[in-house]
Amino acid sequence: MPKEAPPNGGALPLDAPIASGRRVLEMQAKLHRWAVADPDRRFDDLFNFVHDPATLITAFDRVAGNVGSRTAGVDGLTVADVEMQIGIPGFLDDLRAQLKRGTFRPLPVRERKIPKPGGSGKLRKLGIPAVADRVVQAALKLVLEPIFEADFEPVSYGFRPMRRAQDAIAEIHQYGTQGYRWVLDADIEACFDSIDHTALMDRVRRRVKDKRVLGLVKAFLKAGVLTESGDREDTHTGTPQGGILSPLLANIALSVLDEYLHEPWKPGGSMSTPYQRSRRRVHGQPRWRVVRYADDFVVLVNGERTDVEALREEIARVLQPLGLRLSTAKTQVVHMSDGFDFLGFHIRWKRKRGTRTWHVYTFIADRPIHALKGKIRALTRRTSQQDPRTVLIRLNQIMHGWANYFRHAAGKRTLSQLSHFVWGRVVRWLRQLHRWKWKDVRQRFTRPDGRWKPITADGIALFNLATVPVTRYRYRGNTIPNPWTLPIAAAT
C-alpha cells in the first residue's frame, strides 16, 4: 500500500521539480549524444534511469501539469486525489519500490469516447490510464525519447519536441513553390488501434537492449481496456490514444515510412543534391518529399499523376508489416491547383489576384471555421443564463488559442468575418439576457463620436479576432533544434 502522507500534506519541496528537471535534462542530453554518435548502439541499463527519483519527480510534475490530470483512470484516482490522500513523496516512493522489485503492473485503460472533430458524428476512442501508469509512461518517455529522436527523420513533425504543425505546413509551402504540385493526401486507417505489437517491439529493440524497459513497454501495450459498458477487453494490437507514451511509440513505428520515403534525400541518395533532383526530371523520373504529422501525411511529387499512384502502392506495401493500411475513404491524389486540407489548413496553388503569377497559398480550412462557430454558438445561446463575465472569459480563451494557431495563414478576411460573427452572437445573447432594445446596446457600447466600443462585462473585454496580425511563418527546414542540443543541455 502507498505510504501515508506526511503532516504537511505530502507536498514536494518547491525546488524539487526544478532540480530534478535539471538532472533529467543532463541525463537526456547524454543519451541523445551517445545515440547520435553511434547509430547502431543498443542501450542497456536504462531501467535505472526510469526509476531514478529525479525522473519520477519530473514525470509526476508533467502529469500533474497536463489538462488530463483532472480525469481518473480505472482506479478512480485523479492527481489531486493522490496529492491529498496519499502525498506525492509517499506515492512516488511506493511506485519506485514496485518498479525496483519488478512487481509493477499497469492497469487497464478506461475507455472514453469523444466526438471526432468536424461534426461527422463519428466517435474517437481514448484510453485513460491510471495516475501511476501515467507517471511510469512519462518516465519511460523521458528516457526513450532522446534516444529515438536521434534516428527520426526531419520530415515528421507530430508529437516531437520543439516541432509544430506550422513547420509541416511551411515545408509543404516550400516544396510546392518548387514544383512539387501533385499530392498524395494520405490517412492511415485506425493507426493507433492497429499497430502490430510484434513489429513495434522489433523497432524498439533496435535501440533498447534493457529487458526490464522492454518489458514495461510491452506491459503497457498489453494492459487491456475497460470499456464504457464495464467489460474488460484485451489489446492485441495498437497503442491507446490518451496514453503519454502512445505518440512516441506511434512515431517509432511510422519511422519505417519516413525512412523509406526519405532515403533518397540522404547523402549518396538519388535525390541528395539539387543537381541529382534536376537530372531526375530531365530523364522523366519523379522526385518527391514526404511531410508527416502523426498518422496524417502527404507526399508531394514533382512528376505526373501516375507517379503518385505508383508511390501509393509502394507506401501500402511498406505499411503492411506494421498491420497498417491506407484509408480508402480519406486517401486521395490531388493536384495543388485543386487544393487540399491538411492539419486544419487549406493549401492551394492559384493565381494571384490582378496578376498572371501563380503562388502557393495557405488558407484556413472550412472545418476549423465551422468548429469555432459551433463553440461560439454553444456559449451564446439565447436561452443561456450564464454570467456574462464568465462567458467572455471562455470566448476569449477559445478565440486566442484558435487565432494563435492560424495566425500564419492567409486569413485576414476570414478573421474579420469571424469577428463580425462573434460580435453579432454576443450582442443578440446580451439583448435577450437583459431584455435590451437596440438603443440600449448603442448607449452602452458606442463612444460619443458614434464608434463602437469593445463589448465588456465586469472588466473583461471581448477579444477582437480582426486585430490578430497575420504573418508569414519562417520555414526552418533542417535547422529545427531539440531540447538536448541547445546550449544549456550541450554544456552538461
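## An aromatic pair across the chain

F159 is partly exposed, at 46% relative accessible area. Y293 is also partly exposed, at 21%. Buried means under 20% relative accessible area, exposed over 50%, and partly exposed in between (1.4 Å probe, protein chains only).

F159 and Y293 form a tilted aromatic pair, 6.2 Å centre to centre with 45° between the planes. F159 lies in the loop between α6 and α7 (165–177), Y293 in strand β6 (residues 287–293), and 134 residues separate them. Helices (H or I, at least four residues) and strands (E, at least two) are DSSP runs numbered from the N terminus.

## Basis of the model

This is a predicted model: local features need pLDDT of at least 70, side-chain atom pairs count only at pLDDT 80 or more, and totals for chains, interfaces and linings use all residues. Residues are numbered from 1 along each chain as its sequence is written, and side-chain values use heavy atoms, with hydrogens and water left out.

## Other aromatic contacts

The count of aromatic pairs comes to 14. Rings of Phe, Tyr and Trp (its six-membered ring) pair if their centres lie within 6.5 Å; planes under 30 degrees apart are stacked, over 60 edge-to-face, the rest tilted. Y405 and F406 have ring centres 4.7 Å apart and planes at 85°, so this pair is edge-to-face. Y405 is partly exposed at 27%, while F406 is buried at 6%.

Two charged side chains sit over rings. The charged end of R289 is 4.5 Å from the ring centre of W265. K373 lies over the face of F421, at 5.2 Å from the ring centre. The rule asks for NZ of Lys or CZ of Arg within 6 Å of the ring centre and within 35 degrees of the ring normal.

## The nonpolar core

The largest nonpolar core has 133 residues, and F91, V135 and V299 have the most contacts inside it. Helix α6 (residues 131–148) gives the largest share, 12 residues. Such a core is a set of buried Ala, Val, Leu, Ile, Met, Phe, Trp, Tyr and Cys residues joined through side-chain atoms within 4.5 Å.

Leaving out residues up to four places away in sequence, V299 touches W182, V183, L184, L261, W288, R289, V290, L311 and I315. Contact means heavy atoms within 4.5 Å.
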